[in-house]
Amino acid sequence: MASVHIREVGKAYGTSRVIHDVSFTVEDEEFVVLVGPSGCGKSTVLRMIAGLEEISSGRIEIAGVSVNDRPARDRDIAMVFQNYALYPHKTVYENMAFSLRLQKRPKEEVDRRVREAAAILALDPLLKRQPRQLSGGQRQRVAMGRAIVRNPKVFLFDEPLSNLDAKLRVQMRAEIRALHKRLNATAVYVTHDQIEAMTMADKIVVMNAGRIEQVGAPEELYERPDNLFVAGFIGSPAMNFLQGTLAADKRGVVLQAGATLPLSARLDGEAGQKVVAGIRPENLGFGEDGSSLGATISMIEMTGPERLVSLDLRGNTLVATTGKSRPLRVGERVPLTLNPASIHVFDAASGRRISGMH
């Protein structure tokens, strides 16, 4: 396999610039996920790596070699698409063998590679079927098999699970991750689903409006987001945000809602600075009467082992996750508790994280 280096890559259509100097590295055998909302440019970046889109500036390297001027067929990559892109009139075997036959590989080699890939993906009983006789998950396995037989340096996945139902998506996430480990592959995976990104990636590249917002391991992005966009995008349910100002001692956030949130460390900001406090739903708890922070329950949603509790805090909507041990009811006023160390603080103007002072 091979590493992939994206170096200040840009893309423009005429005068409209859609990708702005994007840089990141996919190490050898690493599984990197590009994630962001629809229209953020993640699929365009993937297509530029594949050679299906020309780049307007910058450089793309695969295995240390610039591929800017190489056509897609000469980049030694394999791509798995959202819509499977199978030939409907060909059998599973023929679909998987097609690219090898185009390369005029020996018949014995073609048969060996197809059957090896079929064994890995549990497609052996389906090799004589046509795509119309397969389920969505089986079709996606065939698409992956067609990529595997090529033994490429890099696998590229463009939202491959979007057409599957929720249960099958979970199953296929696990299968793709297991396949990656088995093949020791280098992979770049595009999705708009942050749960897919968090559960599958070694490293996540968060994109927004053609720019990279943050690159890091899933835990890093969740526990220490660089800015408001990443904080709000990564995590489900999403992080709660409250407007306020930095207290005079820089050890608290004075909320517009009327209370002060104590912080675990003195922040490197200015007293009175407009800030946004971020609180994950799982870090918002229910305490005893007397808490300075109280809210009214507006909705309770059961999700199985836990409840999502929507709260009204003086016109601000918050969401908390909690177990079933404490009885709660809509309309009830409850005192809130939170660990000061779990509060994230961002500058309101720039959206950037404000760090603690050393």
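Predicted model: local features only at pLDDT ≥ 70, side-chain atom pairs only at ≥ 80, totals over all residues.
Phe 31, Phe 155, Phe 157 and Tyr 189 form one aromatic cluster. In total, 7 aromatic pairs were counted. One of these pairs joins Tyr 87 to Phe 98. Their ring centres lie 4.8 Å apart and their planes meet at 55°, so the pair is tilted. Tyr 87 belongs to the loop between β6 (77-80) and α2 (92-102), whereas Phe 98 is part of helix α2. The pair therefore ties together parts that are 11 residues apart in sequence. Tyr 87 is partly exposed, because its relative accessibility is 32%. Phe 98 is also partly exposed, at 27%.

A further aromatic pair is made by Phe 241 and Phe 346. This one is edge-to-face, with 6.5 Å from centre to centre and 80° between the planes. Phe 241 sits in strand β11 (residues 240-246) and Phe 346 in strand β20 (residues 344-347), so the contact ties together parts that are 105 residues apart in sequence. Phe 241 is partly exposed at 30% relative accessibility, whereas Phe 346 is buried at 0%.

Charged side chains also meet aromatic rings. The charged end of Lys 90 is placed over the ring of Tyr 87, 5.9 Å from the ring centre. Tyr 87 thus has Lys 90 over its ring and Phe 98 as its aromatic partner. Elsewhere, the charged end of Arg 280 sits over the ring of Tyr 222, at 4.0 Å from its centre.

Helix α5 was examined next. This helix covers residues 166-183 and has 18 residues. From first C-alpha to last it reaches 26 Å, close to the 26 Å expected at 1.5 Å a residue. At its start, a side-chain oxygen of Asp 165 comes to within 3.2 Å of the backbone nitrogen of Lys 167. After the helix comes Asn 184, with a positive phi near 50°.

The buried residues of α5 are Leu 168, Met 172, Arg 173, Ile 176, Arg 177, Leu 179 and His 180. Viewed down the helix axis, they fall within an arc of 165°, so they line one face of α5. Two arginines, Arg 173 and Arg 177, are on this buried list. The cover over these residues includes strands β3 (31-35), β7 (154-158) and β8 (186-191). Helices α3 (107-120), α4 (136-148) and α6 (194-200) also contribute to it. The face turned away from the buried side carries the exposed residues Lys 167, Lys 181 and Arg 182.

Gln 214 lies in strand β10 (residues 211-216). Its relative accessibility is 3%, so it counts as buried. A polar atom of its side chain lies 3.3 Å from the backbone oxygen of Arg 224. Leaving aside residues up to four places away in sequence, Gln 214 touches Ile 204, Val 205, Val 206, Glu 220, Leu 221, Arg 224, Pro 225, Asp 226 and Val 230.

At the level of the whole chain, 8 helices and 20 strands are present. The C-alpha atoms fill a box of roughly 80 × 45 × 35 Å along the principal axes. Of the 358 residues, 50% are buried. Among contacts between residues at least 6 apart in sequence, 65% join residues at least 24 apart.

How values were computed: Residues numbered from 1 in each chain as written. Heavy atoms only, no water. Phe/Tyr/Trp six-rings, centres within 6.5 Å; stacked < 30°, edge-to-face > 60°. Helix = DSSP H or I, 4+ residues; strand = E, 2+ residues; numbered from the N terminus. Buried < 20%, exposed > 50% of the residue type's maximum accessible area, 1.4 Å probe, protein only. Lys NZ or Arg CZ within 6 Å of the ring centre and 35° of its normal. Expected span 1.5 Å × (residues − 1). Arc of directions from axis to C-beta. Contact = heavy atoms within 4.5 Å. Polar contact = N/O pair within 3.5 Å; in protein donor to acceptor, adjacent residues only side chain to side chain.
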